[in-house]
Amino acid sequence: MNVEEVKRLKGVRKITVLTAYDYQTAKIIDDMGIDMILVGDSLGMVVLGYHDTKKVTMMDMIRHTQAVARGVKSAIVIGDLPIHSFDTIEDALANSKRLVEAGAHAVKLEGNKPEIIRAIIEAGISVQGHLGLLPQTAKSMRVRGKRSRDAEQILADAKVLDSLGVFSLVLECIPLDLARRITRAVATPTIGIGAGVHCDGQVLVMNDMLGMDDGYCPRHANAYLDLNNLIGKAVKSYIEDVKTGRFPEDRHSFH
Ligand code: KIV
């Protein structure tokens, strides 16, 4: 898969995207045929345990992009530019190049930043846009674009990003009717998270779709597994086995 192929999928079939932050997970989802893997700055929350994405650094993103890239053969790997890494054109270019050197095929950045996006694309690096709820700068995690003025602004921003040539556009937590209008209005594929069924593709945070959090799954996500419970049960069995001497057995031992 490459970015040109992704663009051609609009209107043909839905595009599949998941986040990943480590080698083994990336390898599994790549083997399963996912189209794109986003090394999202959501890693700040689900991997590093921060409250939000605002403390994620370029070093965090580089380390995890490298790990994911080592596991991927087919999918497009997208490295997320963390907060303040694209404040100036110079920073945006330097940091996009660092993510590409780490193994990303493209970068994602939040918001309508025309000069920044144009400069990165002109440097030959593909950009994924991100509109709607923008966690790096958001004061609350509420749905965006419910009021008509906000909706028109997001639609206008989407058109700007489309004209700049982003190869896809994440729409996070906006009403599905707005996502439908944007999807119809732009040539670039829209990738929804909490943006309904009309987007050209969907992205989920891997940990949400695996049910990793204890009993919590955001409304926009679907937990396809109760991994929190499964891991808990496995660990409980291990603790019991060690305490009672059932593990290790002879077959685990060297003679
Ligand atoms: O960081 C991330 O995982 C993201 C997705 C929620 C789109 O930006």
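**Notebook: pockets and ligand**

I began with the second largest pocket, which has a volume of about 370 Å³, and I noted at the outset that this is a predicted model.

I then looked up what lines the second largest pocket and found 20 residues, of which Val17, Leu18, Leu204, Met209 and Tyr224 lie nearest its centre. The elements that give two or more residues to this lining are β1 (15–19), α2 (23–31), β7 (190–193), β8 (201–204) and α9. Sorting the lining of the second largest pocket by class gave me 13 nonpolar, 7 polar and no charged residues.

Next I turned to the largest pocket, where about 1,100 Å³ of space lies. I listed 38 lining residues for the largest pocket, with Met141, Glu172, Asp208, Pro218 and His220 nearest its centre, and the elements that give two or more residues to this lining are α3 (43–46), β6 (168–172) and α9 (206–209). By class, I recorded 18 nonpolar, 9 polar and 11 charged residues in the lining of the largest pocket.

Where does the ligand sit? I found that the space taken by the ligand is the largest pocket. Among the residues that surround the ligand I noted Thr19, Leu38, His130, Glu172 and Val205, and the shell around the ligand divides into 4 nonpolar, 4 polar and 4 charged residues.

Last, I checked polar side-chain atoms against oxygen atoms of the ligand: one of serine 42 lies 2.5 Å from such an oxygen, and one of lysine 108 lies 3.0 Å from such an oxygen. For aspartate 80, I found a side-chain N or O atom 3.3 Å from an oxygen atom of the ligand. Taken alone the ligand exposes 260 Å², and I noted that the protein buries 95% of that.

Technical notes: Residues numbered from 1 in each chain as written. Predicted model: local features only at pLDDT ≥ 70, side-chain atom pairs only at ≥ 80, totals over all residues. Heavy atoms only, no water. Near = heavy atom within 4 Å. Polar contact = N/O pair within 3.5 Å; in protein donor to acceptor, adjacent residues only side chain to side chain. Areas by Shrake-Rupley, 256 points an atom, 1.4 Å probe, with all protein chains shown as cover. 1 Å grid on protein atoms, 1.4 Å probe; cavity = no way out; pocket = protein on both sides within 12 Å on 5 of 7 lines; lining within 4 Å. Sits in = over half its atoms within 2 Å of the grid points. Nonpolar A, V, L, I, M, F, W, Y, C, P; charged D, E, K, R; others polar. Points joined across faces, edges and corners; volume = space filled by probe spheres on them. Helix = DSSP H or I, 4+ residues; strand = E, 2+ residues; numbered from the N terminus.
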